[in-house]
Amino acid sequence: MSLYCAQGGPDRELSSSELSGFLSAALEKLGRRRKVLAVPPDQTRTASRAGELTRCAWEYYGDGLRAVLPALGTHKAMSPEQIAGMFGNVPCGLFHAHRWREDVETIGVVPREFIYEQSEGKLDYEWPAQVNRLISRGEFDLILSIGQVVPHEVIGMANYNKNILVGTGGPESINRSHYLGAVYGMERIMGRADNPVRRVLDYAASHFLVDLPIVYVLTVVSRNTSGAIVARGLFIGDDSECFHAAADLSFRVNFTLMPQPIRKAVVYLDPHEFHSTWLGNKAIYRTRMAMADRGELIILAPGVRGFGEDVRIDKLIRKYGYHGTEATVRMVKENADLAADLSAAAHLIHGSPEGRFRVTWCPGQLSGEEVQGAGFAFAELSQMMRQYDPAQLVQGWNQVAGEEIYFIESPGLGLWASQDRF
């Protein structure tokens, strides 16, 4: 068990050369490796610097880097243009798409008694640890799990063993882990490194991943005072020590505790990153604990053109909509199709304002009828972009025509909560 790099602090701004140098120094400590697999995130985590670090690993190992497996989870496979945009000149032929419904195998099972205990008696099923066969059968002598630690709706703090067990997981492992977090309560998990879902993954990692040569490369990223996205930390190791160090720093730089709830928030979603409400509802996940009762959250989303990241989940979201925990749990019990896709059910819970505040979606490529059918309010994007022009707003509080609003760009970088809800 080793910690190979622990660099960072709330005021640090690690340059590209520093990131490269720290990674190379850590890899040097590992000794020679001839068959390396990199497991970075996809384009939805472009700000993580994982693309840059993957490129550094390729430059370090050369032909020894045999494959790159983006931890897609349920997301769509990356296009060649997205790969080039995030990973630069890393050869496109090295990339493998994780097909979460087909490319996995079960490497062990977390007993149902443990799930029952962690869910406080709400769930009574076992949890299969599923990973992409490239990880379990690829016979690599090093697996570099690269990614960003940041507050997360399912796991409290993203990354570490989640990158492997969920990012390259299969239908049952993704569905059941997501649903566990949802029924336990997102507000009880967000921003916390220790929680029931993390304990399940830790159980699986300690029992079923111990023979795999996994080294975690974890970044912490936030905005500086001028609004630029900067790397605050880099932590590299083969056990939980690097994760907890990164999680501690992330909590300090990615969490904003509001003295009072937000009456009106406006969130802008980068069209290159967000194409669905499946991804774009980060705007809700990350602000739900900050929104005032009867407040309004406006989501400006020029690139959003659908609900799910695949056809099956898109149909489920359209069919059942975002109506809160109680309604969703009831629909799971009454409908076999939703019960068979618990990650979709979990997403419907996470993406609901639970009747407390209004969510107005302004997508570039969905109709008002589609948005309202899914349970949200709708407004025309062009009109709302004129009223709340992202180019004229600053991160945080703004005055717009005498109205006070709170503006957020890149909601995936943070977590916002009022004092009475955290």
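How many salt bridges does the structure hold? The structure, which is a predicted model in which local features need pLDDT of at least 70 and side-chain atom pairs count only at pLDDT 80 or more, while totals for chains, interfaces and linings use all residues, holds 23 salt bridges, a salt bridge being a side-chain nitrogen of Lys or Arg within 4 Å of a carboxyl oxygen of Asp or Glu. Residues are numbered from 1 along each chain as its sequence is written, and side-chain values use heavy atoms, with hydrogens and water left out.

The overall form of the chain is considered next. Its secondary structure comes to 18 helices and 18 strands, where helices (H or I, at least four residues) and strands (E, at least two) are DSSP runs numbered from the N terminus. The radius of gyration of the chain is 21 Å, which agrees with the value near 22 Å that a compact globule of 422 residues would have; this radius is taken over C-alpha atoms, and the globule rule is 2.2 Å times the number of residues to the power 0.38. Along the principal axes, the C-alpha atoms fill a box of roughly 60 × 50 × 40 Å. Among contacts (heavy atoms within 4.5 Å) between residues at least 6 apart in sequence, 77% join residues at least 24 apart.

Buried residues make up 61% of the 422 residues in the chain, where buried means under 20% relative accessible area, exposed over 50%, and partly exposed in between, with a 1.4 Å probe and protein chains only. The largest nonpolar core has 94 residues, of which Tyr179 and Trp361 touch the most other members. A second, separate core of 33 residues includes Leu27, Tyr61, Met78 and Val217. Such a core is a set of buried Ala, Val, Leu, Ile, Met, Phe, Trp, Tyr and Cys residues joined through side-chain atoms within 4.5 Å.

The side chains of aspartate 310 and arginine 101 meet in one of them, at 3.1 Å from N to O. Because aspartate 310 lies in the loop between strand 13 (291-301) and helix 13 (311-320), and arginine 101 in the loop between helix 3 (80-87) and strand 4 (104-110), the pair ties together parts that are 209 residues apart in sequence. Arginine 101, which counts as partly exposed at 26% relative accessibility, also meets aspartate 341 in a salt bridge of 3.6 Å, N to O. Aspartate 341 lies in the loop between helix 15 (336-339) and helix 16 (342-350), so this pair ties together parts that are 240 residues apart in sequence. Aspartate 341 is buried, with a relative accessible area of 0%. Arg101, Asp310, Arg312 and Asp341 are linked in a network of salt bridges.

A further salt bridge joins the side chains of aspartate 293 and arginine 356 (2.7 Å, N to O). Aspartate 293 lies in strand 13 and arginine 356 in the loop between helix 16 and strand 14 (358-363), so the pair ties together parts that are 63 residues apart in sequence. Aspartate 293 counts as partly exposed at 34% relative accessibility, whereas arginine 356 counts as buried at 17%.
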